[in-house]
Amino acid sequence: MRHVAIIGSGPAGYYTAEACQKAFGDDVRVDIIDRLPVPYGLIRTGVAPDHQSIKAVSRRYEATALSDNVRFVGNVTVGSDVTIAELRDLYDAVVLATGAPHDNPLGIPGDDLPGVIGSAAFVGWYNGHPDFAGLSPPLHGPGAVVVGAGNVALDVARILAKTGDEFTGSDIVAHALDALGPHRIETVTILARRGPHAIAMTPKELGELGHLARATPTVDPADLPAPEADAALDPGQRKSVAHLRAFADNHELKAITVAFDFFAMPVRIEGDERVERVIVERTHINADGRASGTGETYAIPAAMVVSCIGYRTPPIDGVPYDAKLGRFANDDGRIAPGLYAVGWARRGPTGTIGTNRPDGFLIADHIGADLPEDSGKPGRAGLDALLDARGTDVVTFRDWQNIEKAEIAAARAGAPREKFIAIADMLAARK
Ligand code: NAP
């Protein structure tokens, strides 16, 4: 029997569990440990609430979770309830699937002013993550600035632009729906430090911006390269740029403008006590493809800045960490004998949910190649004894199913669920 502990119940965690099941059949026991009492990580609290088709992948994880050799061990914090060293003693393999939940810092003067929000917090707020439910973003004033040209920036801009009605069918949490529906931000500016050919947004997601009820995306035609230059792009990027060209051609006026500001990087955030404006510097692109400031600056009035410039994995005591790359130091997923990293904790915050599937299989292959079939370690029985002795209040997958039932029962009309946002409420709903 192989005993595997996976830390983190997001896509990387569940795909690794599924891969272990496929690789080792009945000869493996997998415990998926999460600090929250609810599973699925980024699927629940990262994927946008109006992208329910992406969230539907959790049904696949549920099938894995309900098999006899995989358990969900929720409400258990690695570091305080149990340490990595203890887990390594108990299990043959410990797999860190902790994702990359911390924002890269903007690192410019004024980035600590109230009203400057990292995307992890803003996305967590509208998705009901218990850590960010109390955020209260300033949804007023002349404008909001979204920094970055990736899909998270698109999610944030779209969520700011939608009407209450456009969230029908989504599981956006009530506090966010109540705040976003009537807000009065007229301009959402997306700051992209490079040009239209260098965006990290994908075409389907970009196309959605063109179909919003109260918002129009705008692109300055002067920022677009000559159309012939698009031929050199890969097909996906060409489709994205076609959307930008359509936005540049569209002169329809709606209540909100989502303005793409290309070749623009924030250099300072100013305001008395809170954000009032962002000072932006025009950029030019160097021979190596990077952006540098031209010295020309201008101000964008804004009460809120959301930085969507990528994420980092928080370090864990005793686990080798690559501070430059913001993830665990690893060799193809191997950190140390019996200790692995998978998903964003292994390779950084890139790719789609599906990218985690091959990643999970890679780790299962490593476990098969590296570790004996039967080491005699105690696995889950050892963890149960330890947590029991410490009085840890463990949440099982069956408990989660009760929590989920209560969330479904509480849903407003047309919504799949109303999430609990307080851990105490999750715990109270499990029986
Ligand atoms: P991302 O795709 O890496 O985009 C980050 C953006 O931030 C880039 O445009 C980057 O510009 C910019 N940036 C980085 N540092 C900056 C700085 N200091 N100042 C200004 N701009 C800066 O990251 P993401 O948007 O966080 O997305 C993470 C992953 O999740 C991606 O793979 C994404 O596709 C995926 N995702 C997918 C979906 C979906 O499919 N619906 C939704 C959300 C996220 P440079 O290119 O110049 O570095």
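Colleague: Let me start at one residue: is Glu-273 buried or exposed?

Modeller: This is a predicted model, in which local features need pLDDT of at least 70, side-chain atom pairs count only at pLDDT 80 or more, and totals for chains, interfaces and linings use all residues. Residues are numbered from 1 along each chain as its sequence is written, and side-chain values use heavy atoms, with hydrogens and water left out. Buried means under 20% relative accessible area, exposed over 50%, and partly exposed in between, with a 1.4 Å probe and protein chains only. Glu-273 has a relative accessibility of 73%, so it counts as exposed.

Colleague: Which strands does the loop with Glu-273 lie between?

Modeller: Strands (E, at least two residues) and helices (H or I, at least four) are DSSP runs, numbered from the N terminus. Glu-273 has a positive phi, near 70°, and is not a glycine. Its loop runs between strand S11 (264-270) and strand S12 (277-285).

Colleague: What is the phi of Ser-136?

Modeller: Most residues other than glycine have a negative phi. Ser-136 sits in the loop between H6 and strand S7 (143-147), and at a relative accessible area of 57% it is exposed. Its phi is positive although Ser-136 is not a glycine, and the value is near 55°.

Colleague: Now to H6 itself: how many residues of helix H6 are buried?

Modeller: Helix H6 covers residues 119-126, and its buried residues include Phe-122, Trp-125 and Tyr-126. After the helix comes Gly-128, with a positive phi near 75°. H6 is largely enclosed by the rest of the structure, because the buried count is eight of the eight residues.

Colleague: How many aromatic pairs does a search of the whole structure find?

Modeller: Rings of Phe, Tyr and Trp (its six-membered ring) pair if their centres lie within 6.5 Å; planes under 30 degrees apart count as stacked, over 60 as edge-to-face and the rest as tilted. Searching the whole structure with this rule gives a total of twelve.

Colleague: How are the rings of Tyr-14 and Tyr-61 arranged?

Modeller: Tyr-14 is in helix H1 (residues 11-24) and Tyr-61 in helix H4 (residues 58-65), so the chain separation of 47 residues makes this a link between distant parts. Tyr-14 is buried at 0% relative accessibility, and Tyr-61 is likewise buried at 0%. The ring centres are 5.6 Å apart with the planes at 10°, so the pair is stacked.

Colleague: And how are the rings of Tyr-15 and Tyr-61 arranged?

Modeller: Tyr-15 and Tyr-61 are both buried. They also link distant parts of the chain, with Tyr-15 in helix H1 and Tyr-61 in helix H4, 46 residues apart. Their ring centres are 5.1 Å apart and the planes are at 90°, so this pair is edge-to-face.

Colleague: Which residues do the ring pairs link into a cluster?

Modeller: Tyr-61 pairs with Tyr-14 and with Tyr-15. The cluster linked by ring pairs is made of Tyr-14, Tyr-15, Tyr-40, Tyr-61 and Trp-400.

Colleague: Let us turn to the ligand: how many residues surround it?

Modeller: A residue is near a molecule if one of its heavy atoms lies within 4 Å of it. The closest around the ligand are Ala-149, Asn-151, Arg-193, Arg-194 and Gly-351. The shell divides into ten nonpolar, seven polar and four charged residues, and the number surrounding the ligand is 21.

Colleague: How much of the ligand's accessible area does the protein cover?

Modeller: A polar contact is a pair of N or O atoms within 3.5 Å. An oxygen atom of the ligand is 2.8 Å from a backbone N or O atom of Gly-351, and a ligand oxygen is 2.9 Å from a side-chain N or O atom of Asn-151. Accessible areas come from the Shrake-Rupley method with a 1.4 Å probe. Of the 910 Å² that the ligand has on its own, the protein covers 77%.

Colleague: Which domains does the ligand lie between?

Modeller: Helix H7 (residues 151-161) gives the most to the shell, with three residues. Domain bounds come from an automatic or database domain assignment. Two domains both give residues to the shell, so the ligand lies between domain 1 (2-101 + 313-428) and domain 2 (104-307).

Key:
A polar contact is a pair of N or O atoms within 3.5 Å; within protein, one must be able to donate a hydrogen and the other to accept it, and residues adjacent in sequence count only if both atoms are side-chain atoms. Ala, Val, Leu, Ile, Met, Phe, Trp, Tyr, Cys and Pro count as nonpolar, Asp, Glu, Lys and Arg as charged, and the others, Gly among them, as polar.
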